[in-house]
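Visitor: I would like to go through this structure by asking a few questions.

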Amino acid sequence: MRKKIVAGNWKMNNDKAETSALIKGLKRSIKKLPLKNTRVIIAPSYLSLSSAVKKTKDTPIEVAAQNMHQAKSGAYTGEISADMLKSIGVKTVIIGHSERREYFCETDELLAAKLDAVLANDMEAIFCFGEKLEERKKEDHLLEVGSQLKNSLFHLKPADFKSIILAYEPVWAIGTGETASPEQAQEMHAFVRTVIGKKFGLEVADSVSILYGGSVKPANAEEIFSKPDVDGGLIGGAALQVEDFTAIIKAI
Ligand code: PGA
């Protein structure tokens, strides 16, 4: 059975005290939930990762990084390597978020190299992809997503997908309050599963978790999560509130 996953991408939010308060609240509210087949992941800023790992020890909450450099070490001012993340107990990394693609010029090729570094270090990636509004309007969304998947994933081996979570995030729905309809999400998720199946085999396609991200809120989570190919969500804004994030986990 595919894992259900709710992951919170905190982006550049929450200082030390806010991080502590949010984790404290989440620990308390998650304790009461029957999580069964569901993983709960939070991705605080680099600065808070170490304390987040310590604070969530012996709880169901897992901690991920929002980004990682592809090199092992070296003269890359301001960057963080796989070894550094592993040394503080972080094993999961978000790769290819549209904000990284757009504001930090991360290309499909660079993301392929980042995925290689994640896999070479026995870590796990939440790999994000999605079309922009112009592409959706031109009805090129499947073409665009197909090309992002091909450029960053097609060099991998089927076994690598044990360490990859996919996240469809239409750029026009991120932080805008506009969500893809459950039907739009299902259409894309089914398409992604087909693309993965054709290239890597049905077993891989059937077992890889595909999350939806883009203005998921307590009010729309249940409907989106009810779609057969939607295995959970990558949550931005609503992951910053204990009540909202908990309600979204409950909706899965
Ligand atoms: P949002 O962000 O939920 O605030 O739209 C989602 C994301 O960027 O992962």
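This is a predicted model: local features need pLDDT of at least 70, side-chain atom pairs count only at pLDDT 80 or more; totals for chains, interfaces and linings use all residues.

Visitor: Is E124 buried or exposed?
Guide: E124 lies in strand 5, which covers residues 124-129. Its relative accessibility is 13%. Buried means under 20%, so E124 counts as buried.

Visitor: Which side chains make a polar contact with the side chain of E124?
Guide: Beyond its neighbours within four places in sequence, E124 is in contact with several residues, including K91, V93 and I165. Its side chain makes a polar contact of 2.8 Å with the side chain of R39. Another, at 2.7 Å, is made with the side chain of T92. The side chains asked for are those of R39 and T92.

Visitor: How much of the ligand's accessible area does the protein cover?
Guide: The ligand is surrounded by 13 residues, and K11 and S215 are among the closest. An oxygen atom of the ligand lies 2.6 Å from an N or O atom in the side chain of H97, and a polar side-chain atom of E169 is 2.7 Å from a ligand oxygen. On its own the ligand has 290 Å² of accessible area, and the protein's cover amounts to 97%.

Visitor: How many residues in the shell around the ligand are charged?
Guide: The shell is divided by class. It has 4 nonpolar and 7 polar residues, and the charged ones number 2.

How values were computed
Residues are numbered from 1 along each chain as its sequence is written. Side-chain values use heavy atoms; hydrogens and water are left out. Helices (H or I, at least four residues) and strands (E, at least two) are DSSP runs, numbered from the N terminus. Buried means under 20% relative accessible area, exposed over 50%, partly exposed in between (1.4 Å probe, protein chains only). A polar contact is a pair of N or O atoms within 3.5 Å; within protein, one must be able to donate a hydrogen and the other to accept it, and residues adjacent in sequence count only if both atoms are side-chain atoms. Contact means heavy atoms within 4.5 Å. A residue is near a molecule or strand if one of its heavy atoms lies within 4 Å of it. Accessible areas come from the Shrake-Rupley method with a 1.4 Å probe; for residues, only the protein chains shown count as cover. Ala, Val, Leu, Ile, Met, Phe, Trp, Tyr, Cys and Pro count as nonpolar, Asp, Glu, Lys and Arg as charged, and the others, Gly among them, as polar.
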